[in-house]
Amino acid sequence: MKEKRWENWRCHVCGQRMLRRVRQPFEYAVSHDGRPPVKIRIPDLEVIACTNPDCHPEHPHDTIIEDDAAICRITEETYRQLGLLTPTEIRAGRERLGLTQQELQDLLGLGGNSLSRWESGRVYQSRSSDTLLRLVFGLSAAVEFVKGLRGPHWAGHAERPA
Ligand SMILES: [Zn+2]
C-alpha cells in the first residue's frame, strides 16, 4: 500500500491535521504557439486539501496540495486539451520507427535537442511539429517519402554501433 505521509501533515493555514484527498475543479491558462492563452479545465482533479471547516485561507488555493499524481494529471490534460501528442506518445512513436532522437530530428529537419525536449515534457511542440510527428508516426508512406527527400546521407543511414 502506498504510504500516505501527508495524512500527518499540518495545514499550514490552520495548523490542524485535517488534510484529506478531495476532488475539485481545476482550471488554468496556458499559452502555446503564440496564440491567446487556452483554458485547461479539469472538473474533478484529485488533490489534498484542508477539510477543517474553521480554516479560512486568504485564497482558497492556499491549503491545496497537488501531489505527483495531480501534477501528472494536469500535464496529461494540458497536452490532451491543447490537442498535442504527449511526451510518452512521442517517444513511443519514435521507437516504433526504430529511430534515435538524433535520427528523427535529422530526418524531419528539426533543431538540435527538439526530440529530447519534447519527450521529457520540458517544451511543448508547436502545432506544426505535432502535425509532422503525427504524419510520420501514422503513415509509413510519409516516412519513406521524407527519407527519399533526405537522400542517402541522413544520420539514420550511418553505421550504428552494435
Ligand atoms: Zn486548514
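The paragraphs below lead through this structure from its overall layout to single residues.

The structure is a predicted model, in which local features need pLDDT of at least 70 and side-chain atom pairs count only at pLDDT 80 or more, while totals for chains, interfaces and linings use all residues. Residues are numbered from 1 along each chain as its sequence is written.

The chain has six helices and two strands, where helices (H or I, at least four residues) and strands (E, at least two) are DSSP runs numbered from the N terminus. Read along the sequence, these elements follow the pattern β-β-α-α-α-α-α-α. The radius of gyration of the chain, 22 Å, is well over the 15 Å that the globule rule gives for 162 residues, so the chain is more spread out than a compact globule; this radius is taken over C-alpha atoms, and the rule is 2.2 Å times the number of residues to the power 0.38. Along its principal axes, the C-alpha trace spans about 70 × 40 × 25 Å.

The chain is divided into domain 1 (5–67) and domain 2 (87–157), with bounds that come from an automatic or database domain assignment. The centres of domain 1 and domain 2, taken over C-alpha atoms, are separated by 37 Å.

Of the 162 residues, 14% count as buried; a residue is buried if 20 or more other C-beta atoms lie within 10 Å of its own, exposed if 12 or fewer, and partly exposed in between, with C-beta atoms placed from the backbone. The largest nonpolar core has 10 residues in all, among them Tyr-79, Ile-90, Trp-118 and Val-136, and such a core is a set of buried Ala, Val, Leu, Ile, Met, Phe, Trp, Tyr and Cys residues joined through C-beta atoms within 7 Å. Helix H4 (114–119) and helix H5 (127–138) are the elements that give two or more residues to this core.

Turning to the strands, Arg-41 lies in strand E2 (residues 38–50), and Arg-41 counts as exposed because it has 12 C-beta neighbours inside 10 Å. Arg-41 and Ala-29 are 12 residues apart in sequence, and their C-alpha atoms are 8.7 Å apart in space. In the loop between strand E1 (19–30) and E2 lies Asp-33, which is partly exposed, with 14 other C-beta atoms within 10 Å.

Among the helices, H1 (residues 68–82) has 15 residues and should span 21 Å at 1.5 Å a residue, which agrees with the 21 Å between its end C-alpha atoms; the expected span is 1.5 Å times one less than the number of residues. Helix H6 (residues 140–150) lies largely in the open, because the number buried among its 11 residues is zero.

Most residues other than glycine have a negative phi. Asp-33, however, is a residue other than glycine with a positive phi near 65°, and Asn-113, also not a glycine, has a positive phi of about 70°. Asn-113 lies in the loop between helix H3 (101–108) and H4, and it is partly exposed, with 14 other C-beta atoms within 10 Å.
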